[in-house]
Amino acid sequence: VETIMKEFHDIYPALQLCIFPESAKTETSKCPVDRTKTIAEVRSSTPKKHGVVTITGNKQIKTLEAQFDELYGLYVEVCYYSKDGKGYYTSGEADNMTLNQFNKKCIADGCPTDKWY
């Protein structure tokens with residue numbers, strides 16, 4: 001889990017790829033899975049389809065999150081820290097943005113680029 005989180009952040013420095021337990025979908029305060037575990041160890045459900053998630057800059061955030069659920073059985077949120085250090089996960093209009101668009105917006109808004117967890 002830690003490897004994919006770090007590699008995602010290396011490409012999108014203002015964003016984090018956070019993996020949560022399935023039960024966190026209905027919680028307002030979410031606690032990520034243990035990042036020292038493997039994806040197979042934290043998988044919440046059986047994948048609905050077979051395939052590979054490709055992470056590209058022109059992919060919408062909501063599409064990426066849905067693909068992780070469908071193809072890997074993982075509840076994933078794209079997250080970020082505001083310039084005052086508070087952590088958030090994307091929702092609403094941000095979920096319709098591409099990874100490149102939202103990463104650039106976060107950088108322009110002064111979000112830190114040195115946090116990946």
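This is a predicted model: local features need pLDDT of at least 70, side-chain atom pairs count only at pLDDT 80 or more; totals for chains, interfaces and linings use all residues.
## Charges and basis of the model

Residues are numbered from 1 along each chain as its sequence is written, and side-chain values use heavy atoms, with hydrogens and water left out.

## Overall fold and dimensions

The protein contains 4 helices and 3 strands, where helices (H or I, at least four residues) and strands (E, at least two) are DSSP runs numbered from the N terminus. Their order along the sequence is α-β-α-α-β-β-α. The radius of gyration is 13 Å, close to the 13 Å that the globule rule gives for 117 residues, so the protein is as compact as a globular protein of that length; the radius is taken over C-alpha atoms, and the rule is 2.2 Å times the number of residues to the power 0.38. Along the principal axes, the C-alpha trace spans about 40 × 25 × 25 Å.

## Burial, surface and contacts

Of the 117 residues, 41% are buried, a term that means under 20% relative accessible area, with exposed meaning over 50% and partly exposed lying in between (1.4 Å probe, protein chains only). The accessible surface comes to about 6,600 Å², and carbon and sulfur atoms hold 51% of that area; such areas come from the Shrake-Rupley method with a 1.4 Å probe, and for residues only the protein chains shown count as cover.

Contact means heavy atoms within 4.5 Å. Among the contacts with a separation of 6 or more, 65% are between residues 24 or more positions apart.

## Helix α3

Helix α3 (residues 61-72) has 12 residues, and its first and last C-alpha atoms are 16 Å apart, close to the 16 Å expected at 1.5 Å a residue, the expected span being 1.5 Å times one less than the number of residues. Within this helix I61, L64, E65, F68, D69, L71 and Y72 are buried, and their cover includes α1 (2-11), β1 (16-20), β2 (75-81) and α4 (99-108). Just after α3, G73 takes a positive phi of about 70°.

T63 also belongs to α3, but this residue counts as partly exposed because its relative accessibility is 30%. T63 and N96 are 33 residues apart along the chain, and their C-alpha atoms are separated by 8.5 Å.

Q16 is placed in strand β1 and counts as buried because its relative accessibility is 1%. A108, in helix α4, counts as exposed because its relative accessibility is 66%; A108 and A14 are 94 residues apart in sequence, with 9.8 Å from C-alpha to C-alpha.

C111 lies in the segment after α4 and is buried because its relative accessible area is 10%. Leaving aside neighbours within four places in sequence, C111 is in contact with Y80, Y81, S82, K83 and C106. For C111 and K83, which are 28 residues apart in sequence, the C-alpha to C-alpha distance is 4.3 Å.
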